[in-house]
Amino acid sequence: FAYLPTVMTVINSMMLPGFRDTPPAFVGVENYQLLLDDPTFWKVAGNNLWYALGTIPTSIALALIMALFVNGKLAGRGIVRMAYFTPTILPMVAAANIWMFFYAPQIGLFNKLLEGIGLSGINWLGDPDVALGSVIVMSVWKEAGFFMIFYLAALQGIPPELEEASRLEGTSRWSYFWRVVFPLLMPTTLFVLINALINAVRVVDHLFILTKGGPNNATNLLLYYVYENAFSFFDRTMAATMTVVILLILALVATLKFTILDRRTHYQ
C-alpha cells in the first residue's frame, strides 16, 4: 500500500502511455522536461509556495497564542478550548461550504459587513488578486485549533517549579516565555511544523468546493493540479511525474528534518 504504488508512479512517470494497439514506450526524463517547460506548473508551484508561507507560520503562531491563552486561569476555559478546537472536527467539505457562504459576492457575510460600514463588496473567490489569500484565511482557521491541542499539552507538561523559580528571580513574563517556555516547546513546534508543511502540500478538497483552482489558476495548488491532470485531463503520465516531484521535495524536507532540525531541537 505504500512502496508498490510509489514504485509504479516512478515507472509511469518515465513512460509514454500507449494508445489503442500501441504499447507504452519508455521515454526516460522526457516527461520531467515537459513538466519543467509547463508555465502552468510553475504558476501552481508558486501558488503553493505562497500558500505555505501564508498558512504555516500564521497557523503555528496563532495556535501558540491560543494555547497560552487557554492554559492560564480563565473563566470558562473549557468552553473556549472547545470553541478553538471546533473548526478542526468539521469535515473539510462542510467547512468549505460554510466559508463559501462567507465569501459569496452578493449575500456573503463579509460583504454584508463591508456594506454596513459603507465599503463596496469584494469578489473574494473570483478576483485573482485576493482568491488565494481567501483560501489561506480559511485554511488557517481550520488548522490553528488542531495545532493548539499539541501546544496546550506541551505547556501543561512544563514543570510549574520553573515559573516559580523565575518569579523569585524577578524575571519578566516575556523573558520567562522566551528563555524558558519557548525553548521547551521546540520539539512540539517541530512536530507541528512538519504537519503544517504536509497540510500545505496535500490541499485538494476545499479547493474543489471553493474555487476549483480558479480564477485562471490563481488558487491552483500542486496536489489539486495532480488531481486535475489525472482525473479531468486523463493525463496520468503527467500526474505521475508531478507526484514524483512532490515526493522528492518532501524527501528533501524529511532529510533536513532528521539530519539537522532534530538534533538542534532536542539539544543532542
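Helix α10 covers residues 186-201 of this predicted model. At 1.5 Å a residue, its 16 residues should span 22 Å, and the end C-alpha atoms lie 23 Å apart, which agrees. The expected span is 1.5 Å times one less than the number of residues. Helices (H or I, at least four residues) and strands (E, at least two) are DSSP runs, numbered from the N terminus. Several residues of α10 are buried, including Thr 188, Leu 190, Val 192 and Ala 196. Asn 199, Ala 200 and Val 201 of α10 are also buried. Here buried means under 20% relative accessible area, exposed means over 50%, and partly exposed lies in between (1.4 Å probe, protein chains only).

Residues are numbered from 1 along each chain as its sequence is written. In this predicted model, local features need pLDDT of at least 70 and side-chain atom pairs count only at pLDDT 80 or more, while totals for chains, interfaces and linings use all residues; side-chain values use heavy atoms, with hydrogens and water left out.

The chain has 13 helices and 2 strands. Its C-alpha trace spans about 80 × 55 × 30 Å along the principal axes. Of the 268 residues in the chain, 36% are buried.

Aromatic contacts come next. A pair of aromatic rings is described by the distance of the centres and the angle of the planes. Rings of Phe, Tyr and Trp (its six-membered ring) pair if their centres lie within 6.5 Å; planes under 30 degrees apart count as stacked, over 60 as edge-to-face and the rest as tilted. The structure holds 20 aromatic pairs. In one of them, the ring centres of Phe 102 and Phe 110 are 5.5 Å apart and the planes meet at 40 degrees, so this pair is tilted. Phe 110 is partly exposed, at 23% relative accessibility. Phe 146 and Phe 150 make an edge-to-face pair, with 5.0 Å from centre to centre and 85 degrees between the planes. Both residues belong to helix α7 (residues 131-156). They are 4 residues apart there, so about one helical turn separates them. Phe 146 is partly exposed, with a relative accessible area of 30%. Phe 150 is partly exposed too, at 28%. Ring pairs also build a cluster from Trp 99, Phe 101, Phe 102, Tyr 103, Phe 110, Trp 124 and Trp 141.

A charge meets a ring at Phe 208. The charged end of Lys 212 sits over this ring, 4.6 Å from its centre. The criterion is that NZ of Lys or CZ of Arg lies within 6 Å of the ring centre and within 35 degrees of the ring normal.

Empty space was examined as well. Rolling a probe the size of a water molecule over the atoms shows where empty space is left. The search used a 1 Å grid over the protein atoms alone and a 1.4 Å probe. A pocket is an open set of points with protein on both sides within 12 Å along at least five of seven lines, and lining residues have an atom within 4 Å of a point. The largest pocket holds about 750 Å³ of space. This volume is the space filled by probe spheres set on the points, which are joined across faces, edges and corners. The lining has 21 residues, and Asn 71, Gly 72, Glu 163, Arg 173 and Tyr 176 lie nearest the pocket centre. Helices α3 (39-71), α7, α8 (160-168) and α9 (173-184) each supply at least two lining residues. The lining divides into 9 nonpolar, 6 polar and 6 charged residues. Ala, Val, Leu, Ile, Met, Phe, Trp, Tyr, Cys and Pro count as nonpolar, Asp, Glu, Lys and Arg as charged, and the others, Gly among them, as polar.

The backbone was then inspected. Most residues other than glycine have a negative phi, and most peptide bonds are trans. The bond from Gly 214 to Pro 215 is cis, with omega near -10 degrees. Pro 215 lies in the loop between α11 (205-210) and α12 (222-232). Asn 216 sits in this loop as well. Its phi is positive, about 55 degrees, although Asn 216 is not a glycine. Asn 216 is exposed, at 66% relative accessibility. Asn 217, also in the loop between α11 and α12, has a positive phi of about 65 degrees. Asn 217 is partly exposed, at 24%.
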